[in-house]
Amino acid sequence: MLSKKEVLEIISYCEFHKINHSDRLQELGISHWNFYKSRRHHLKAEKACPQEITGSFIQLKSSGEYVPSSVTAMERSINPGRKLHTQSEAMTIECQTSRGVWLESVER
């Protein structure tokens, strides 16, 4: 499994050089499965303890720049419109038609 710093470095490198993750992973000899499993692991860990990731930055060795110390923050900075999977609550919508028929919809 890749460390959080390694995952952040790959994401940052790809964003800076405008290449996709597949190309960079092939250059480094890292399997796609290993990278995405590590990334998902770090995202879940950050979601479990969100107070530990706020306001921290780390310096990457390849570029020397500082980036957010969380995979979640890095993903949001690169893809601001993308929503990470979140657990949602059930919602029930009820309405009545003009003829008096009740409709009910349950969203999960």
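## Close-up views of a predicted model

**View 1. H42 sits in helix 3 of this predicted model.** Helices here are DSSP runs of H or I with at least four residues, strands are runs of E with at least two, and both are numbered from the N terminus. Residue numbers start from 1 along each chain as its sequence is written; because this is a predicted model, local features need pLDDT of at least 70 and side-chain atom pairs count only at pLDDT 80 or more, while totals for chains, interfaces and linings use all residues, and side-chain values rest on heavy atoms, with hydrogens and water left out. H42 has a relative accessible area of 11%, so the residue counts as buried. That word means under 20% relative accessible area, with exposed meaning over 50% and partly exposed anything in between (1.4 Å probe, protein chains only). What does H42 touch, leaving aside neighbours within four places in sequence? The partners are L2, S3, K4, V7 and V71, where a contact means heavy atoms within 4.5 Å.

**View 2. V7 belongs to helix 1 and is buried.** Its relative accessible area is 0%. Once neighbours within four places in sequence are set aside, V7 is in contact with L2, F35, S38, R39, H42 and V71.

**View 3. The largest nonpolar core brings together 10 residues.** Such a core is a set of buried Ala, Val, Leu, Ile, Met, Phe, Trp, Tyr and Cys residues joined through side-chain atoms within 4.5 Å. Its members are L2, V7, L8, I10, I11, C14, L25, F35, L43 and V71. Which elements give two or more residues to this core? They are helix 1 (4-17) and helix 3 (32-48). Helix 1 supplies the largest share, with five residues. If you centre the view on L2, you will find contacts to V7, I10, I30, N34, F35, S38 and H42, not counting residues up to four places away in sequence.

**View 4. Helix 2 and helix 3 pack against each other at an angle of about 115°.** Two packed helices are described by the angle between their axes and by the distance between the axes. In this pair, the axes are 10 Å apart; they are lines fitted to C-alpha atoms, for helices over the stretch in contact, and the angles run from 0 to 180 degrees between N-to-C directions. The crossing of helix 2 past helix 3 is right-handed. Where do the two helices meet? H21, S22 and L25 of helix 2 come up against H32, F35 and Y36 of helix 3. L25 and F35 are also members of the largest nonpolar core.

**View 5. E27 pairs with R24 in a salt bridge.** The term stands for a side-chain nitrogen of Lys or Arg within 4 Å of a carboxyl oxygen of Asp or Glu, and by this rule the count comes to two. In this one, the closest N and O atoms are 2.9 Å apart. Both residues lie in helix 2 (residues 21-28), three residues apart, which is about one turn of the helix. Are the two partners buried or exposed? E27, at 53% relative accessibility, counts as exposed, whereas R24, at 15%, counts as buried.

**View 6. K18 lies in the loop between helix 1 and helix 2.** Have a look at the backbone here: K18 has a positive phi of about 55°, although this residue is not a glycine. K18 is exposed, with a relative accessible area of 65%. Its side chain forms a salt bridge with E15, with 3.6 Å between the closest N and O atoms. E15 itself is partly exposed, at a relative accessible area of 33%.

**View 7. V106 is part of strand 4 (residues 102-107).** V106 is partly exposed, at 45% relative accessibility. Leaving aside neighbours within four places in sequence, its contacts are M91 and T92. A90 is 16 residues away from V106 in sequence and 7.0 Å away in space, C-alpha to C-alpha.

**View 8. Zooming out, the protein has four helices and four strands.** Read along the sequence, these follow the pattern α-α-α-β-β-α-β-β. Of the 108 residues, 23% are buried.

Note on methods
Left-handed = near helix turned anticlockwise from the far one by under 90°.
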